[in-house]
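Q: Could you take me through this structure feature by feature, giving the general idea before each case?

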Amino acid sequence: MGPAFVESLPVGRFHGIGPATSAKMNSLGITTGLDMRQQSLEFMQAHFGKAGAYYYWISRAVDNREVRANRVRKSVGAETRSSPT
């Protein structure tokens, strides 16, 4: 499921790819995760510097960022049900 999802995802939907990087990728013919995955690590680094390696790996559904389970919460959600009248 993961690789197929990543393949069809537009590059602008990947974490860390904003409008400027998305536009640059589009100008290079990279519009989806599949297009990004078809590029070499060297190509990605030549065009995107240090971030190129990150883009290379996320297009392959590899994300080595540390999971921080004990961080401070930014918000708390709550639901209330209205009773039928």
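A: Helices (H or I, at least four residues) and strands (E, at least two) are DSSP runs, numbered from the N terminus. By that reading the chain has 5 helices and 0 strands. This is a predicted model, in which local features need pLDDT of at least 70 and side-chain atom pairs count only at pLDDT 80 or more, while totals for chains, interfaces and linings use all residues. Residues are numbered from 1 along each chain as its sequence is written, and side-chain values use heavy atoms, with hydrogens and water left out.

Q: Which residues of helix α5 are buried, and what do they pack against?

A: Buried means under 20% relative accessible area, exposed over 50%, and partly exposed in between (1.4 Å probe, protein chains only). In α5, which spans residues 51-58, the buried residues are G52, A53, Y55, Y56 and I58. Contact means heavy atoms within 4.5 Å, and the buried residues of α5 pack against α1 (2-8), α2 (19-27), α3 (33-37) and α4 (41-48).

Q: Why does S22 count as buried?

A: S22, whose place is in helix α2, counts as buried because its relative accessibility is 14%. Leaving aside neighbours within four places in sequence, S22 is in contact with V11, G12 and I17.

Q: What is in contact with I30, again leaving aside neighbours within four places in sequence?

A: The contacts of I30 on that basis are V11, M25, D35, M36, Q39, F43 and M44.

Q: How much of the chain is buried?

A: Buried residues make up 22% of the 85 residues in the chain.
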